[in-house]
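User: I would like to go through this structure with you, beginning with the ligand and then turning to the sheet. Could you take my questions one at a time?

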Amino acid sequence: MKQLFFTPGPSQLYPTVPMHIQNALEQKICSISHRSQQFEELFSSTTKGLRKLLTIPEEYAVVFVGSGTEAMERIVENTVEKSSFHLVNGSFSRRWFEIAQELGKDAKKKEAILGKGFSDIPKISKVTELICFTHNETSSGVALLPEFMYEIKNKYPQALIAVDTVSSSPYVNLDYKKLDCVFFSVQKLFGSPAGLGVIILSPQAIEKAHSLQKKRISIGSYHTFPTLITWAQKNQTPETPNVLGIYLLNEVVNDFLKKGIGNIRKETEQKAETIYAFLDTHITYTSFVEKLFRSSTVIVAEVGDSLVVQNKLRQKGFIVGGGYGSFKERQIRIANFPAITMGDIENLLQEL
Ligand SMILES: *Cc1c(COP(=O)(O)O)cnc(C)c1O
């Protein structure tokens with residue numbers, strides 16, 4: 001039976017991806033040298049495409065790492081000598097906080113109840129070097145308003161601002177000039193196979209890494225910001241990268257550019273509204289998240305017994321995510337990524 005993945009990562013492949021994989025094999029992409037001109041052209045095309053799609057300022061760097069989780073670690077390593085601050089409202093933001101602790105940093109946090117966002121600006125010590133946000137908490141279906149992050153940046157200009165957009169890029173429309181480290185991985189909205197992360201870096205973030213290095217503080221080895229950037233200037237990576245992943249990202253970015261980012265954003269909102277309208281009027285199912293904090297890309301529903309609902313949907317070929325952590329048994333999570341059409345959503349809701 002045909003299966004459609006509404007899981008929040010890995011997820012349904014973007015419809016053009018199987019064809020792009022076929023082409024990659026025919027072009028022997030997996031065998032080319034990562035020091036070749038062909039690779040340099042691929043690297044350059046991919047970063048140019050991302051710059052255009054996301055409107056990344058020219059002076060910002062775009063570098064490749066292995067995953068979203070790696071990006072969390074690299075960002076803390078490269079920008080924090082002593083202390084970081086984390087807005088924690090679910091598993092992914094908590095993971096980032098724990099990574100900072102594991103790296104021996106003095107990590108502080110402000111926690112929101114699961115399923116809620118933050119209503120006030122938290123008090124943050126002036127010695128904080130990095131403030132970390134998870135724009136879209138995939139575990140709870142809560143999205144933060146970009147304005148909330150900008151407001152905190154205004155209030156604490158001495159700190160660098162880092163944002164996890166793994167389950168919202170390229171839907172989320174950010175003003176990168178107000179942010180320093182923004183990252184995502186490709187197996188969510190980009191509808192590609194997992195194993196590639198992208199970090200967008202401000203000149204200030206890069207400068208901070210250099211200054212830590214000058215103080216002889218360890219910022220890692222092969223994936224430090226200075227090393228990544230030195231290689232990126234040559235359109236290369238320090239290590240043998242996930243060349244197939246970069247190839248597929250380049251193709252999907254081109255597909256998104258052809259479709260238009262405005263259309264992708266509009267369709268995402270229309271599909272999300274359809275799902276929330278269904279939940280708001282259903283007799284037993286409800287949205288876990290209140291209106292103000294609702295994510296457009298990961299929708300969490302209270303369904304009573306999630307296993308029963310998941311199994312029923314599975315029989316029709318619809319794979320939805322279970323609830324996260326302690327909500328595993330009562331919630332389902334529906335990824336509303338660009339690979340999913342309005343027709344797919346209507347069919348899913350019909351079954352629900
Ligand atoms: C999936 C996800 C991650 C982890 O990304 P990986 O590429 O699996 O390391 C981090 N943050 C959020 C919000 C996610 O949804």
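User: How far is the polar side-chain atom of Thr69 from an oxygen atom of the ligand?
Analyst: In this predicted model, the distance is 2.5 Å.

User: And which distances apply to the side chains of Ser185 and Lys188?
Analyst: An N or O atom in the Ser185 side chain is 2.8 Å from an oxygen atom of the ligand. For Lys188, the corresponding distance to a ligand oxygen atom is 2.7 Å.

User: How much of the ligand does the protein bury?
Analyst: The protein buries 88% of the 380 Å² that the ligand exposes when taken alone.

User: What classes of residue make up the shell around the ligand?
Analyst: The shell has nine polar, three nonpolar and two charged residues. Helix H3, residues 68-79, gives the most to this shell, with three residues.

User: Now the sheet. What is the order of its strands?
Analyst: The seven strands of this open sheet follow the order E2-E10-E9-E8-E5-E3-E4, and their pairing is mixed.

User: Why is one side of E2 and of E4 left without a neighbour in the sheet?
Analyst: Strands E2 (61-65) and E4 (106-111) stand at the edges and each has a single partner strand, so one side of each has no neighbour there.

User: How many bridges join E3 to E4?
Analyst: Six bridges join them, and the two strands run parallel. One of the bridge pairs is Leu87 with Lys110 in E4.

User: Which strands does helix H5 touch?
Analyst: Helix H5 (residues 146-155) packs on the sheet and touches E3, E5 and E8. Its direction makes about 175° with that of E5.

Technical notes: Residues are numbered from 1 along each chain as its sequence is written. This is a predicted model: local features need pLDDT of at least 70, side-chain atom pairs count only at pLDDT 80 or more; totals for chains, interfaces and linings use all residues. Side-chain values use heavy atoms; hydrogens and water are left out. A polar contact is a pair of N or O atoms within 3.5 Å; within protein, one must be able to donate a hydrogen and the other to accept it, and residues adjacent in sequence count only if both atoms are side-chain atoms. Accessible areas come from the Shrake-Rupley method with a 1.4 Å probe; for residues, only the protein chains shown count as cover. Helices (H or I, at least four residues) and strands (E, at least two) are DSSP runs, numbered from the N terminus. Ala, Val, Leu, Ile, Met, Phe, Trp, Tyr, Cys and Pro count as nonpolar, Asp, Glu, Lys and Arg as charged, and the others, Gly among them, as polar. Two strands pair if DSSP finds at least two bridges between them. Contact means heavy atoms within 4.5 Å. Axes are lines fitted to C-alpha atoms, for helices over the stretch in contact, and angles run from 0 to 180 degrees between N-to-C directions.
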